[in-house]
Amino acid sequence: MTDRNRILAELADRSRRDLQLRYDHFDREEAARTAAISDERKKQLNLTPEHFRKAWEFIEGRRVHERDQLEKGIAFFGTFSSDVLAALDDDLRNEGPFSKAHGISLLDGTPGRHSSRHSGTASFLSEFESRHSGERYIRDFFTFLPTDAAIIHDAWAALGLEEPVGLTEVADRQYSRQAISNLLLTARALRSTQDAYYSRLVTSTGYSWGDEFAYRTHHLRHLTRAFAKHLLDCSPSDEELAQELGDVTDDRYGLTLEGVTEQDFLEMLGRYRNAPGARP
């Protein structure tokens, strides 16, 4: 068996076992919950055998769909290049940054290890195409090693890139990897500056903090086509850019700049530039 076939076979086997473990875990918990309800309580709640039968029919129908999505995900990975598959396999075996960022492990599918519905190899393969596009996502992640992978999608949108062209190709053919890394790092610093500003506004909302924060920040724009072009074509210094962005009356890039001051942006950008590895 070639390395490529081995990698794909192991991914497929691990993801199927991972999915089955999730089902087994759910079934045990559901059986325990049902057993804990007394017959009298079931009668009060009208939990008849017909009710439980229909509930399990719904669950089985959902599982048929989930298994189908997993098989489609497995087949989709079968179209990836050998280089991308090898990089992913090496990262998995070394518990590297990609595996950690996406909640996958060689231990997925191992008895005694249960992954949540939204993590693990099964979910990763099932949702990969809809969430991340194609193999360019894996290639771009390994090229730029972002600490926040969402910034890759933001840069694709800003640069108008479509599969199979990713940031790696744009860097090598038109700009440079350093220039694209700077673009990602700067955009992340701008988003973090705005997030920090809004975080201070919603600190007293208690348990609803997350919902309130999402509501207040969903409109924020930290990377646009015009801003990306300015960074890549003009390469402004950090100080020049901070001064430009700090003047909210002169936004030429379609950004949202609430709470962005020259000092706050420079501090955030400096924090990212001085971080180990200086990754975006």
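A crossing is left-handed if the near helix is turned anticlockwise from the far one by less than a right angle, and right-handed if clockwise. Helices are DSSP runs (H or I, at least four residues), and they are numbered from the N terminus, as strands (E, at least two) are.

The structure is a predicted model, in which local features need pLDDT of at least 70, side-chain atom pairs count only at pLDDT 80 or more, and totals for chains, interfaces and linings use all residues. Residues are numbered from 1 along each chain as its sequence is written, and side-chain values use heavy atoms, with hydrogens and water left out.

**Exercise 1. Confidence**

Task: State the mean pLDDT of the protein chain, and name the elements with the lowest and the highest mean pLDDT.

Solution.
- Step 1. pLDDT is the predictor's confidence in each residue, from 0 to 100.
- Step 2. The average over the protein chain is 90, and 93% of the residues score at least 70.
- Step 3. Among the elements, helix α11 (residues 209-217) has the lowest mean, 78, while α7 has the highest, 97.
- Step 4. Where pLDDT is low, the predicted coordinates should not be read in detail.

**Exercise 2. The pair α1 and α4**

Task: Describe how helix α1 (residues 3-35) and α4 cross, and classify the residues in their contact.

Solution.
- Step 1. Axes are lines fitted to C-alpha atoms, for helices over the stretch in contact, and angles run from 0 to 180 degrees between N-to-C directions.
- Step 2. The two axes come within 10 Å and cross at roughly 55°.
- Step 3. Angles under 35 degrees count as roughly parallel, over 145 as roughly antiparallel, 65 to 115 as roughly perpendicular and the rest as oblique. Helices α1 and α4 are therefore oblique to each other.
- Step 4. The crossing of α1 past α4 is left-handed.
- Step 5. Contact means heavy atoms within 4.5 Å. On the α1 side, the contact involves R4, R6, I7, L8, E10, L11 and R14; α4 contributes S82, L85, A86, L88, D89, L92 and R93.
- Step 6. Ala, Val, Leu, Ile, Met, Phe, Trp, Tyr, Cys and Pro count as nonpolar, Asp, Glu, Lys and Arg as charged, and the others, Gly among them, as polar. In the contact of α1 with α4 there are seven nonpolar, one polar and six charged residues.

**Exercise 3. Two partners of α10**

Task: Determine the orientation of α10 relative to α8 and to α11.

Solution.
- Step 1. Helices α8 and α10 pack at about 110°, and their axes are 10 Å apart. This angle makes α8 roughly perpendicular to α10.
- Step 2. From α8, the residues in contact are A150, I151, D154, A155 and L159; from α10, they are L183, L184, A187, R188 and R191. By class, this contact of α8 with α10 has seven nonpolar, no polar and three charged residues.
- Step 3. Helices α10 and α11 pack at about 130°, with axes 10 Å apart. That angle makes α10 oblique to α11.
- Step 4. The crossing of α10 and α11 is right-handed. Its contact joins D195, Y198, S199 and L201 of α10 to W209, F213, R216 and T217 of α11.

**Exercise 4. Burial**

Task: Decide whether A155 is buried or exposed, and list the buried residues of helix α12 (residues 225-234).

Solution.
- Step 1. Buried means under 20% relative accessible area, exposed over 50%, partly exposed in between (1.4 Å probe, protein chains only).
- Step 2. A155 lies in helix α8. Because its relative accessibility is 0%, A155 counts as buried.
- Step 3. Apart from neighbours within four places in sequence, A155 is in contact with L167, L184 and L223. A155 and L167 are twelve residues apart in sequence, and their C-alpha atoms are 7.8 Å apart in space.
- Step 4. In α12, the buried residues are F227, A228, H230, L231 and L232. They pack against α8 (150-159), α10 (177-201) and α13 (238-246).

**Exercise 5. Backbone exceptions**

Task: Locate E95, L145 and P164, and describe the backbone at each.

Solution.
- Step 1. Most residues other than glycine have a negative phi, and most peptide bonds are trans.
- Step 2. E95, in the loop between α4 (82-93) and α5 (97-102), has a positive phi of about 50°. Its relative accessibility is 54%, so E95 counts as exposed.
- Step 3. L145, in the loop between α7 (135-144) and α8, has a positive phi of about 45°. Its relative accessibility is 28%, so L145 counts as partly exposed.
- Step 4. P164 is in the loop between α8 and α9 (167-173), and a cis peptide bond with omega of about 10° joins E163 to P164.
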